[in-house]
Amino acid sequence: MTEAHADGGAKERIIQHMNKDHQDSLIRYLEHYCHVSSYYARNAQLEDITFDSMTITSGKSCRYIIPLDPPLASWSEARSRVVTMDAVSIDGLKRSKITVKKYKKPKGLWIVVPFLVAGTMIAFSKRSNFEPGSVLYDYLLKSVPDFAKFCHTIQPYLLPGVLMIHATEAAHMASSRLDKHSVPRFSPLWWKWVISAFFEGVGAFRRLDRIVADEEDLKAKIKH
């Protein structure tokens with residue numbers, strides 16, 4: 001009996017470990033070696049591994065086989081091989097070595113920002129909000145008619161500008177941060193950060209950058 005079949009326990013441990021702790025690596029394998037998009041690779045799971053190849057599934061019916069070249073001589077080589085493959089994938093995809101795996105909610109005054117932005121968008125969603133008879137005018141702007149008139153005048157121009165600025169921030173978050181740090185596109189985590197960037201702007205970028213900096217510090221400490 002070959003070693004590949006003899007130590008089934010080692011094989012199962014590798015599969016469980018990769019699926020539990022290194023799904024981000026499996027996603028990168030599919031992206032780099034199989035040219036699968038981040039979106040379709042987002043649910044990657046290691047289904048099988050042999051000395052010659054690994055089989056990764058993504059979704060219900062998508063199965064990809066990645067050859068191990070050269071083949072493993074023993075299961076003890078598996079760890080170094082998957083680490084090397086991930087390093088090659090990171091380099092080929094031009095990604096950061098830090099994977100963002102969590103979302104942090106805003107704190108302090110930053111909690112107010114999304115509500116202010118959303119409120120502004122709702123208020124300027126239609127010109128009639130600044131006219132007598134509207135809830136906004138009758139309850140908040142009636143005592144400041146000149147300001148209401150000013151808002152009425154700029155409404156057609158302000159709303160498109162605000163939407164464009166915040167959409168640009170969301171797109172910048174996706175391209176400059178989330179792609180770089182291997183957050184699968186359109187995953188729940190991806191949406192949390194993109195929506196936060198849309199409504200908060202710089203606050204979301206600072207929180208994500210803080211997560212990355214903390215991970216870099218942790219890795220540096222482990223090395224030493």
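Colleague: Where is Phe186 found?

Modeller: Phe186 is found in the loop between α8 and α9. The helix names come from DSSP runs counted from the N terminus, a helix being H or I over at least four residues and a strand being E over at least two. This is a predicted model, in which local features need pLDDT of at least 70 and side-chain atom pairs count only at pLDDT 80 or more, while totals for chains, interfaces and linings use all residues. Residues are numbered from 1 along each chain as its sequence is written, and side-chain values use heavy atoms, with hydrogens and water left out.

Colleague: What phi does Phe186 have?

Modeller: Most residues other than glycine have a negative phi, and most peptide bonds are trans. Phe186 has a positive phi of about 70° although it is not a glycine. His35 is another such case, with a positive phi of about 60°. His35 sits in the loop between α3 and α4.

Colleague: Is His35 buried or exposed?

Modeller: Buried is under 20% relative accessible area, exposed is over 50%, and partly exposed lies in between (1.4 Å probe, protein chains only). His35 has 70% relative accessibility, so it counts as exposed. Phe186 has 41%, so it counts as partly exposed.

Colleague: Which residues does a cis peptide bond join?

Modeller: Asp69 and Pro70 are joined by one, with omega about 0°. Pro70 belongs to the loop between β3 and α5.

Colleague: Which residues make the nonpolar surface patch?

Modeller: A patch takes residues with over 30% relative accessible area and no salt bridge, nonpolar side chains (Val, Leu, Ile, Met, Phe, Trp, Tyr) being joined within 5 Å and like charges within 9 Å. Here Tyr39, Tyr40, Phe186, Trp191 and Ile195 make a nonpolar patch of about 520 Å². The area follows the Shrake-Rupley method with a 1.4 Å probe, and for residues only the protein chains shown count as cover. At least two residues of the patch come from α4 (38-41), and at least two from α9. Trp191 is placed in helix α9, and its 40% relative accessibility makes it partly exposed.

Colleague: How many salt bridges does the structure hold?

Modeller: The structure holds ten. A salt bridge is a side-chain nitrogen of Lys or Arg within 4 Å of a carboxyl oxygen of Asp or Glu. Take Arg28 and Asp24, whose side chains meet at 3.1 Å, N to O. Both lie in helix α3, four residues apart, about one turn of the helix. Arg28 is buried, with a relative accessible area of 1%, and Asp24 is buried too, at 13%.

Colleague: Which residues are linked in a network of salt bridges?

Modeller: The network links Asp24, Arg28, Asp86 and Lys101.

Colleague: Which residue forms a salt bridge with Arg63?

Modeller: Glu47 does, with its closest N and O atoms 2.8 Å apart from one side to the other. This pair links distant parts of the chain, since Glu47 is in strand β1 (residues 45-49) and Arg63 in strand β3 (residues 63-67), 16 residues apart. Glu47 is partly exposed at 39% relative accessibility.

Colleague: And which side chain meets that of Asp209 in a salt bridge?

Modeller: The side chain of Arg177, at 2.8 Å, N to O. Asp209 lies in helix α10 and Arg177 in helix α8 (residues 145-178), so the pair ties together parts 32 residues apart in sequence. Asp209 is partly exposed at 32% relative accessibility.

Colleague: How many residues line the largest pocket?

Modeller: On a 1 Å grid over the protein atoms alone, a pocket is an open set of points where a 1.4 Å probe fits, with protein on both sides within 12 Å along at least five of seven lines, and lining residues have an atom within 4 Å of a point. The largest pocket has 30 lining residues, with His22, Ser25, Val83, Asp86 and Lys219 nearest its centre. It holds about 860 Å³ of space, a volume being what is filled by probe spheres set on the grid points, which are joined across faces, edges and corners.

Colleague: Which helix gives the largest share of that lining?

Modeller: α5 does, with seven residues. Each of α2 (8-21), α3 (23-33), α5 (78-93) and α10 (202-223) supplies at least two. By class, the lining has 14 nonpolar, five polar and eleven charged residues. Ala, Val, Leu, Ile, Met, Phe, Trp, Tyr, Cys and Pro count as nonpolar, Asp, Glu, Lys and Arg as charged, and the others, Gly among them, as polar.

Colleague: How much space lies in the second largest pocket?

Modeller: About 270 Å³. Of its 16 lining residues, Gln23, Ile27, Lys101, Pro184 and Leu189 are the closest to its centre. α2, α3 and α9 (188-200) give two or more residues each to this lining.
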